[in-house]
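Here is a walk through one model, feature by feature. Keep the viewer open and follow along.

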Amino acid sequence: MSSKAEENALRYRRAQSVTTAEEITEKEKKARKSQLDKPIHKPRDSLFSWSSEFTDFTGLVNWGFLLLTVGGLRLCLENFIKYGIRVNPIEWLIVLTGYNEGDNRQYPSVILLIFCVVPAVVSLLIEKAIAVGIISPKIGVGLQIFNIVAEISLPVIVLYIKGLEFSFVGITTVCLIYLVLFLKLWSYVQTNHWCRQGMKGKQYKNTLRRQSLSAPNWKTVEDEKAEGKSSTLVKYPDNLNLKDLFYFLLAPTLCYELNFPRTTRIRKRFLIKRIIEVVFGVNLVLALFQQWMIPSVKNAVDPFSQMSVIKITERLLKLAVPNHLIWLCLFYLSFHSFLNLMGELLHFADRNFYNDWWNANNIAQFWSTWNMPVHVWAVRHVYIPITGLGFSKASASIVVFFISAFFHEYLVSVPLQMFRIWAFLGMMAQPPLSVISKLVQAKLGARWGNIIVWSSLILGQPLAIMMYYHDYALLHFAPKQ
């Protein structure tokens, strides 16, 4: 009781002191106004000073957007004057449908895309065989590893044998789909393995217990309700069926669960908006790529060959604008429009496909927020298992970046049919760059850390594109001596 009285007394003294300070301020204002020289000055900071605590820069933001718009229009006019109108929707259809792909229009990319169902079904059959006891878990895990490694290697093998029959867009799509399937099957196999291990642990505990004779064997109403609710959940091995597998393969996630969160209905307006965004976004990206990106990349070959630093820098900065604009369009198109479209159709309730990566103050924060499906997969299936084995967090992070670097290189080198390590080195440079960005954030503030993140995005990608296209042009278009 005494403590409460002391707290009330303290509050009264604080309120009294504040009131006294306000009274003194008011008296000073009245005394100043009564002076004969009519003073107008008072202590205050300029708005651009940090101590002013002024935060409303809406007008400057509008000015920045207007300036960017004017600069963008000027670049568009310059592009049209220099190259003419290069946009040709007929070529888009030829490229996207693979109309000229293969001998006698065999469409090898389409065949490979259809065949990707086979490794998924094989994985299900192996899991069923383990569940019913036809094969041992050790043999089953070995077969699963062989299956997913063969699945990710198949595009490489087929491309090596029949490389000339594939279009670039076709084999790129195949590699992307097979990589997504690889990550999904990894999660599918590992999650079912966890379920088996968990069931073995429960069975072992049950064999060590016997029912108590002293306690009555009765259940409360709450217990019965909880059991009825849990009985509707799918449990291992009831999840091992084609319906469950194909739902997971189509769902906008890389991490498998036996019971995904579901929505109760499909929102028609939301669905129509996402469909319009996908259709419009695909056309916009293709138009920007054909009109702006391809000419800029082609013009960057000679400066790279001459190793002229000034010309390379000029081409890099010129390529950075269209590349970054296309990257932002692809981000919105993929992570918001398309994944939300699939989630709505499949009643998939977890729509956390990205976080506020644009506010990232260091590189590590960017990689943990911009691509949430891959990030969650890496944490769940690589990072946590490695740290669980006793390894350090730094070692687990390096392994995660190594796997990411390998597959970034896979998505570039395999479609281009040439082995380079620029994408791999770029990804492996992220851990030290992350350390540097954290130091900058700690010493200079969060704003400078965010500037480093944006600089790496704007300049890093076009540099890699220029390097790959330069090597590709020398390999395929250079005159033979």
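## Ground rules and overall fold

A quick word on the helix names first: helices are DSSP runs of H or I with at least four residues, numbered from the N terminus. One caveat to keep in mind is that this is a predicted model.

With that naming, the protein comes out with 18 helices and zero strands. The chain has 481 residues, and 32% of them count as buried. As for contacts between residues at least 6 apart in sequence, 74% join residues at least 24 apart.

## Salt bridges inside and between helices

How many salt bridges does a search of the whole structure find? The search turns up four. One of them pairs Arg196 with Glu127, and the closest N and O atoms are 2.7 Å apart. Arg196 sits in helix α7 (residues 168-208) and Glu127 in helix α5 (residues 117-132), so this pair ties together parts that are 69 residues apart in sequence. Are these two partners buried or exposed? Arg196 counts as buried at 9% relative accessibility, and Glu127 is buried too, at 0%.

Arg274 and Glu277 form another salt bridge, again with 2.7 Å between the closest N and O atoms. Arg274 is buried, because its relative accessible area is 6%. Glu277 counts as partly exposed, because its relative accessibility is 21%, and the cut-off for buried is under 20%.

A salt bridge joins Arg267 to Glu344, with the closest N and O atoms 3.0 Å apart. This pair links distant parts of the chain: Arg267 is in the loop between α9 and α10, while Glu344 is in helix α12 (residues 309-345), 77 residues away. Glu344 is buried, with a relative accessible area of 1%, whereas Arg267 counts as partly exposed at 35%. Arg351 joins in as well: Arg267, Glu344 and Arg351 are linked in a network of salt bridges.

You'll find Arg265 in the loop between α9 (242-250) and α10 (268-298), and Arg265 counts as exposed because its relative accessible area is 54%. Which residues does Arg265 touch, leaving aside those up to four places away in sequence? They are Glu344 and His347. Arg265 and Leu346 are 81 residues apart in sequence, yet their C-alpha atoms are 9.6 Å apart in space.

Most residues other than glycine have a negative phi, and most peptide bonds are trans. His347 goes against the phi part: its phi is positive, about 60°, although it is not a glycine. His347 lies in the loop between α12 and α13 (363-367) and is partly exposed, with a relative accessible area of 24%.

Where is the cis peptide bond? Look between Tyr236 and Pro237, where omega is about 5°. Pro237 is in the loop between α8 (221-231) and α9.

## How α14 meets α15

Two packed helices are described by the angle between their axes and the distance between the axes. For helix α14 (residues 372-388) and helix α15 (residues 393-416), the axes come within 9 Å and cross at roughly 140°. The crossing of α14 past α15 is right-handed.

To see the contact in the viewer, show Ala378, Val382, Tyr383, Ile386 and Thr387 on the α14 side. They meet Lys393, Ala396, Ser397, Val399, Val400 and Ile403 from α15.

Which residues make the nonpolar surface patch of about 680 Å²? The members are Leu47, Phe48, Phe54, Leu60, Trp63 and Leu67. Leu47 belongs to the loop between α1 (2-33) and α2 (58-83). At 48% relative accessibility Leu47 counts as partly exposed, because the exposed class takes over 50%.

Key:
Residues numbered from 1 in each chain as written. Predicted model: local features only at pLDDT ≥ 70, side-chain atom pairs only at ≥ 80, totals over all residues. Heavy atoms only, no water. Patch = residues over 30% accessible without salt bridge, like charges linked within 9 Å, V, L, I, M, F, W, Y side chains within 5 Å. Areas by Shrake-Rupley, 256 points an atom, 1.4 Å probe, with all protein chains shown as cover. Salt bridge = Lys/Arg side-chain N within 4 Å of Asp/Glu carboxyl O. Helix = DSSP H or I, 4+ residues; strand = E, 2+ residues; numbered from the N terminus. Buried < 20%, exposed > 50% of the residue type's maximum accessible area, 1.4 Å probe, protein only. Contact = heavy atoms within 4.5 Å. Axes fitted to C-alpha atoms, helices over the stretch in contact; angles between N-to-C directions. Left-handed = near helix turned anticlockwise from the far one by under 90°.
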